Amino acid sequence: MSQAERNSNTKRKYALYSRLSAEDSLNGESMSISSQKAILEEFAYSHGYIPFIHYSDDGYSGTNFNRPGFQKMIEGIEHGDICCVITKDLSRLGRNYIESGLYIEDFFPRHKVEYISVNDGVNSALNSGMEIIPFKNILNEYVSRDISKKVKTGKDIRSRQGKFMGTTAPFGLMKDPQDKNHLIIDPQTAPTVRMLFELALQGMGNNRIRKILYEKKILKPACYKMEQFGRYIITEDDPYDWKRETVCRILRNPVYKGGMWVRCNSKTNFRAKTKGYIPQKEREVLEDIHEAIVTKEDWQTVQEIMDRHTRVRASSSKYENIFRGMLRCPDCGAVLLMHTDNRPFAREKDPLERTDYSCSTYRIYGKGKCTKHRIDAKPLEKAVLRDIRAHARLAVKDKEAFVRSILSSMDANAAQELQEMEKELSERKAEAQELDQQFIRLYDDLSKGVLTEKRFQMLTAHYEEQQEKCEQRVKELEALMAAKKQDSGKAEQFVKEVSQYANIKELTGEVLNRLIEKIVVYEPTEVKGVLRQKIEIHYRFVGAIGNNRKKTV
């Protein structure tokens with residue numbers, strides 16, 4: 001009795017497995033699932049391998065065995081329903097040589113299941129072609145590694161060309177009908193995006209912005225898209241209740257200033273099942289890709305506002321905390337927190353007169369960690385307003401002379417920062433070269449048999465991850481250095497901004513956020529029996545400026 005007859009008598013079936021992924025077409029393979037099935041059926045009928053059952057996975061990578069069709073076949077094997085697995089070739093089973101080998105050499109024999117690869121002449125029952133399986137599997141994995149790099153490179157190239165690669169356009173934008181990889185402004189939703197940035201420029205936090213959007217009954221992005229496609233139905237999920245994360249995501253995305261992230265995530269290696277998240281500050285941004293909804297200056301201002309916002313306990317005071325997250329302690333670097341005197345006898349005073357700021361470290365840990373650095377809100381507002389008006393009048397009076405004076409005060413700081421960046425850049429480049437040498441040594445050890453294949457794969461994945469991090473930091477440093485060398489443009493931008501405020505009468509959160517990065521508040525000192533307090537104002541684009549950078553409050 002033949003092997004086929006024995007299997008037929010036990011009512012176990014032959015599994016004909018087919019698989020095709022996008023990477024196979026990139027490799028020049030055009031064998032569709034239907035074509036594979038036809039080949040496998042012809043082979044099964046001609047050799048008496050019946051009854052058979054088809055299992056297939058269309059659009060699944062061979063490097064990952066978590067495929068629905070494959071897993072269903074594995075369940076059939078474990079239940080004893082399958083006697084043999086047949087594929088067109090070894091690569092259809094999988095392209096991960098370690099896991100493919102485990103299935104062929106361990107899992108299948110343990111469950112008394114034969115394996116046949118038609119094109120490779122492999123038949124485990126006859127012990128034919130088995131010696132070539134390890135080499136074929138290694139070659140198949142190499143092909144996947146090579147294809148993965150090509151796909152990644154292709155996507156990078158298209159992204160760097162400014163091509164939008166997403167499935168749907170970000171809220172506020174739409175795909176160009178003439179070019180699906182180009183974004184244009186959506187006239188219906190762009191006003192909402194502009195409003196979000198305007199509110200953020202006023203110093204409002206995400207929760208306050210959410211409240212305003214809710215009051216204005218503005219549909220959140222997900223519900224707006226559903227409504228546009230005619231599928232929106234009112235449910236228990238309030239369509240006007242914007243998530244805090246949604247507001248933050250919009251305000252952080254450079255797409256609204258006309259730019260684009262090159263990549264938001266990246267696999268550490270081709271075997272990884274999930275894409276590694278790239279922190280926003282480490283992502284590469286392309287500028288001027290499409291029409292902007294907000295200006296670059298406003299977008300950057302909002303980023304700085306969001307960076308310095310801290311969770312501050314709500315106060316019963318009617319004083320608006322316009323300095324939120326902006327005041328800094330020179331000793332510990334912590335934020336100064338607002339405090340309002342709400343005692344009954346103090347409530348008769350104006351909210352501004354009973355409000356002050358002090359170091360958060362001191363408030364939490366006491367004088368053992370830092371000192372108070374207390375400053376009253378009223379004299380602080382007056383000093384900052386006076387300084388802004390003074391610079392604004394200089395800008396209006398003689399723009400060129402003011403730009404020259406700003407550049408002279410910036411030179412000393414810039415030189416030191418550039419020197420530190422150049423040192424780190426040199427170290428990172430040397431590290432990248434050393435990693436290249438490590439790869440060469442690994443391949444040499446593998447070829448000599450000093451290193452096992454399993455150990456080789458593990459070390460390769462580790463070095464690839466290290467190299468990617470290193471290359472990302474090099475790009476980041478080069479971008480920061482290029483930005484530092486553009487001080488002249490920064491000085492001119494500051495002069496343009498500050499010149500608008502030569503005659504302002506009142507200090508507002510929007511004015512502060514547009515002009516100032518931070519204000520360092522020093523501990524008061526006694527001079528001739530009178531307490532004096534210094535502050536140092538760091539303006540956006542240019543830092544602390546003027547001959548006497550510390551101002552007396």
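Which residue is the bridge partner of Tyr 14 in β3? The bridge partner is Cys 84. The model described here is predicted. Its protein chain has 18 helices and 20 strands. Of the 553 residues in the chain, 44% count as buried. Among contacts in the chain with a separation of 6 or more, 65% are between residues 24 or more positions apart.

- Strand β1 (residues 13-20) and strand β3 (residues 82-87) run parallel and are joined by 4 bridges.
- The pair of Tyr 14 with Cys 84 in β3 is a bridge pair.

**The three-stranded sheet**

- A further open sheet consists of 3 strands in the order β13-β14-β15, with antiparallel pairing.
- β13 (336-340) and β15 (375-376) are the edge strands, and each has a single partner strand, so one side of each lacks a neighbour in the sheet.
- Strand β14 (residues 355-359) runs antiparallel to β15, and 2 bridges join them.
- Asp 356 stands opposite Asp 376 in β15.
- Strands in a sheet pair through backbone hydrogen bonds, in either a parallel or an antiparallel manner.

**Packing of helices α9 and α11**

- Two packed helices can be described by the angle between their axes together with the distance between those axes.
- For helix α9 (residues 206-215) and helix α11 (residues 244-252), the axes come within 9 Å and cross at roughly 105 degrees.
- Angles of 65 to 115 degrees count as roughly perpendicular, and α9 and α11 are therefore roughly perpendicular to each other.
- On the α9 side, the residues that meet α11 are Asn 206, Asn 207, Ile 209, Arg 210 and Leu 213. Their counterparts in α11 are Arg 244, Val 247, Cys 248 and Leu 251.
- By type, the residues of the contact of α9 with α11 comprise 5 nonpolar, 2 polar and 2 charged.

- Lys 257 lies in the loop between α11 and β8 (260-261).
- Its relative accessibility is 10%. Because buried means under 20%, Lys 257 counts as buried.
- The side chains of Lys 257 and Glu 287 are joined by a polar contact of 2.9 Å.
- Leaving aside residues up to four places away in sequence, Lys 257 touches Val 285, Glu 287, Ala 292, Val 294, Thr 295, Lys 296 and Trp 299.

- Glu 284 is in the loop between β10 (276-277) and β11 (285-286).
- With 26% relative accessibility, Glu 284 counts as partly exposed.
- Glu 284 and Lys 475 are 191 residues apart in sequence, while their C-alpha atoms are 7.9 Å apart in space.

Technical notes:
Residues numbered from 1 in each chain as written. Predicted model: local features only at pLDDT ≥ 70, side-chain atom pairs only at ≥ 80, totals over all residues. Heavy atoms only, no water. Axes fitted to C-alpha atoms, helices over the stretch in contact; angles between N-to-C directions. Parallel < 35°, antiparallel > 145°, perpendicular 65-115°, else oblique. Contact = heavy atoms within 4.5 Å. Nonpolar A, V, L, I, M, F, W, Y, C, P; charged D, E, K, R; others polar. Buried < 20%, exposed > 50% of the residue type's maximum accessible area, 1.4 Å probe, protein only. Polar contact = N/O pair within 3.5 Å; in protein donor to acceptor, adjacent residues only side chain to side chain. Pairing = 2+ DSSP bridges.
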